[in-house]
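Here is a short report on selected local features. Please read it alongside the model.

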Amino acid sequence: MPRGKIGRAPPDRKPIDVEIARLRDLDVGALRARWHTVFGRRSPPHLPRHLLFRIMAYRLQADRLGDLDAESQRLLDRSESPEKAGQRAATLARHNVSVRPGTVLGREWNGQMQRVTVLENGFAWKGKTYPSLSKIALAITSTRWNGPRFFGLRDKPSKKEASR
């Protein structure tokens, strides 16, 4: 049986999945009664059935499998909406990509592998030092590029993100 990071077997998901399936079959009245049992208080009267179900399914999984880490919880707590939390997380992930000196980045361009070494203060390519990956991408392609994107350190934004 596979072991988790701390030497324990991973939790069995089957009982959780069965319990979530049971929740899915409950009507709004039964979900509210179950909420009272689980949380020890009445459910908020304005919550529709689908949100009661989702919150209870989440709580069930979090209790048995573990909840969000502290950083994710803070991100959600500071957000105005789930959409803004997602956008903020994506932005933070994009900006948090950093490479250490000595790292070699590679990118194939026109059938040739281009290798760039990350230096303490810049980047080395073909024996020359450049201040940015964008300058190297320009030298390789003769076209202006976002250097981190060219070397795969950032994802290309979706069409939806680009239209904002």
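Leaving aside its neighbours within four places in sequence, with which residues is T141 in contact? The answer is W109 and F150, where contact means heavy atoms within 4.5 Å.

This is a predicted model, in which local features need pLDDT of at least 70 and side-chain atom pairs count only at pLDDT 80 or more, while totals for chains, interfaces and linings use all residues. Residues are numbered from 1 along each chain as its sequence is written, and side-chain values use heavy atoms, with hydrogens and water left out.

**T141.** Helix α6 (residues 133-141) holds T141. Helices (H or I, at least four residues) and strands (E, at least two) are DSSP runs, numbered from the N terminus. T141 counts as buried because its relative accessible area is 11%; buried is under 20%, exposed over 50%, partly exposed in between (1.4 Å probe, protein chains only). The table lists its polar contacts, pairs of N or O atoms within 3.5 Å; within protein, one must be able to donate a hydrogen and the other to accept it, and residues adjacent in sequence count only if both atoms are side-chain atoms.

| T141 group | Partner | Distance |
|---|---|---|
| T141 side chain | W145 side chain | 3.3 Å |

W109 has Q112 in β2 as its bridge partner. Strands β1 (residues 104-109) and β2 (residues 112-119) pair antiparallel over 6 bridges; pairing requires at least two DSSP bridges. The hairpin of β1 and β2 has 2 residues between the strands. N110, in the turn, has a positive phi of about 50 degrees.

**Y58.** Y58 lies in helix α3 (residues 49-65). Y58 is partly exposed, because its relative accessibility is 38%.
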